[in-house]
Amino acid sequence: MTFTLGIITARGGSKGIKGKNIVPLCGKPLIHYTIKAALNTNCINDVILSTDDQEIVGCALDAGLECHGLRPDHLATDHAKSNDVIAYEVDEYEVRTGQSVDRILLLQPTTPLRTSVDIESASTIFEKAKQSSLISCYNADFVHPRIMYEDNGDYLTPFLDEGHNIVRRQEMHPVYIRNGAIYLTDRKFFAETKRLVCDTPSLYEMPRNRSVNIDTEQDLELAAFYLQRTEE
């Protein structure tokens, strides 16, 4: 049986929104939504929290997720790499439980509108595609590189060479932006490369309204707007 470990990473420090991972969103800590989505799936065998902050631990417990220890200080700095955090947590989990991990599922609290259905659908795609990794994205039709320009001081130049030619939006090839909601990867690939995303990942497409990534207060307002609409 393939064993999938879900990892929710939530560091205490943040430079943008203070305490971002537990900032209130519609009356609940931001991390609450990711924990509930993870716990309500059938495709994850176990879910763990990776944090350095006791307040985050308390919020996780309130949402139904226990924490089995804080991550080391050297993995809680601004310069700590997420792949090093994941490697540490997977190794710690296997030592603590004796359970071998086959797939790693990274879920970040900053994309709170991802649902249990999203996670299960992505897992099904990953199972069938046989790629080493899967990422969730949204279609970049409104921010397509064909309509982007770079500022060279006195004038603009097209971001892409073919950007000189005006084409109808319907004629543009789809381009996808990674939204940070779902990362699925094969444990063996991760162990060999220390990479969460391979060169040819599978795609799980999500709509833009569930792809809000919280970096600013405006993002919080937008997420609250969409969340309230789904609850009406």
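Strand E5 (103-107) and helix H4 (116-129) each put at least two residues into the lining of the largest cavity; helices here are DSSP runs of H or I with at least four residues, strands are runs of E with at least two, and both are numbered from the N terminus. The lining consists of Thr4, Cys43, Arg103, Leu105, Ile119, Ser123 and Leu184. By class, that makes four nonpolar residues, two polar and one charged, where Ala, Val, Leu, Ile, Met, Phe, Trp, Tyr, Cys and Pro count as nonpolar, Asp, Glu, Lys and Arg as charged, and the others, Gly among them, as polar. The space inside comes to about 30 Å³, and the count of cavities of 30 Å³ or more is one. Cavities and pockets were found on a 1 Å grid over the protein atoms alone: a cavity is a set of points where a 1.4 Å probe fits but cannot get out, a pocket is an open set with protein on both sides within 12 Å along at least five of seven lines, and lining residues have an atom within 4 Å of a point. Grid points are joined across faces, edges and corners, and the volume is the space filled by probe spheres set on the points.

The model is a predicted one, with local features needing pLDDT of at least 70 and side-chain atom pairs counting only at pLDDT 80 or more, while totals for chains, interfaces and linings use all residues. Residues are numbered from 1 along each chain as its sequence is written, and side-chain values use heavy atoms, with hydrogens and water left out.

Back to H4, which has 14 residues and runs 20 Å from its first C-alpha to its last, close to the 20 Å expected at 1.5 Å a residue (the expected span being 1.5 Å times one less than the number of residues). Ser116, Asp118, Ile119, Ala122, Ser123 and Phe126 of H4 are buried, with buried meaning under 20% relative accessible area, exposed over 50% and partly exposed in between (1.4 Å probe, protein chains only). They cover an arc of only 160 degrees around the axis, which puts them on the same side of H4; the arc is that of the directions from the helix axis to the C-beta atoms. An α-helix has 3.6 residues a turn, so residues three or four places apart point the same way. On the other side of H4 sit Val117 and Lys128, both exposed. The packing partners of the buried H4 residues are helix H1 (30-39), E5, strand E6 (133-139), strand E9 (176-186) and strand E10 (202-205), taking contact as heavy atoms within 4.5 Å. Just past the end of H4, lysine 130 has a positive phi of about 65 degrees.

H3 has 16 residues and reaches 22 Å from first C-alpha to last, close to the 22 Å expected at 1.5 Å a residue. Its buried residues are Val85, Ile86, Ala87, Glu89, Val90 and Tyr93, and these pack against strand E1 (4-9), strand E4 (46-50), E5 and H5. Just after H3, glycine 98 takes a positive phi of about 75 degrees. Over in helix H5, arginine 187 counts as buried, at 17% relative accessibility. Neighbours within four places in sequence aside, arginine 187 is in contact with Val90, Asp91, Glu94, Val101, Asp102, Arg103 and Ile104.

H3 also turns up at the largest pocket, where it gives the most to the lining, with three residues. This pocket holds about 580 Å³ of space. Of its 24 lining residues, Thr9, Arg11, Arg71, Ser82 and Gln108 are the closest to the centre, and the lining divides into nine nonpolar, ten polar and five charged residues. The second largest pocket has a volume of about 240 Å³ and 14 lining residues, with Pro112, Leu113, Arg114, Thr115 and Leu227 nearest its centre. H1 and helix H6 (217-231) each supply at least two residues of that lining, which splits into six nonpolar, five polar and three charged.

Positive phi values also occur in two loops. Cysteine 26, in the loop between strand E2 (24-25) and strand E3 (28-29), has a phi near 55 degrees and is partly exposed, with a relative accessible area of 35%. Lysine 194 lies in the loop between helix H5 (187-193) and E10; its phi is near 60 degrees, and at 44% relative accessibility lysine 194 counts as partly exposed.
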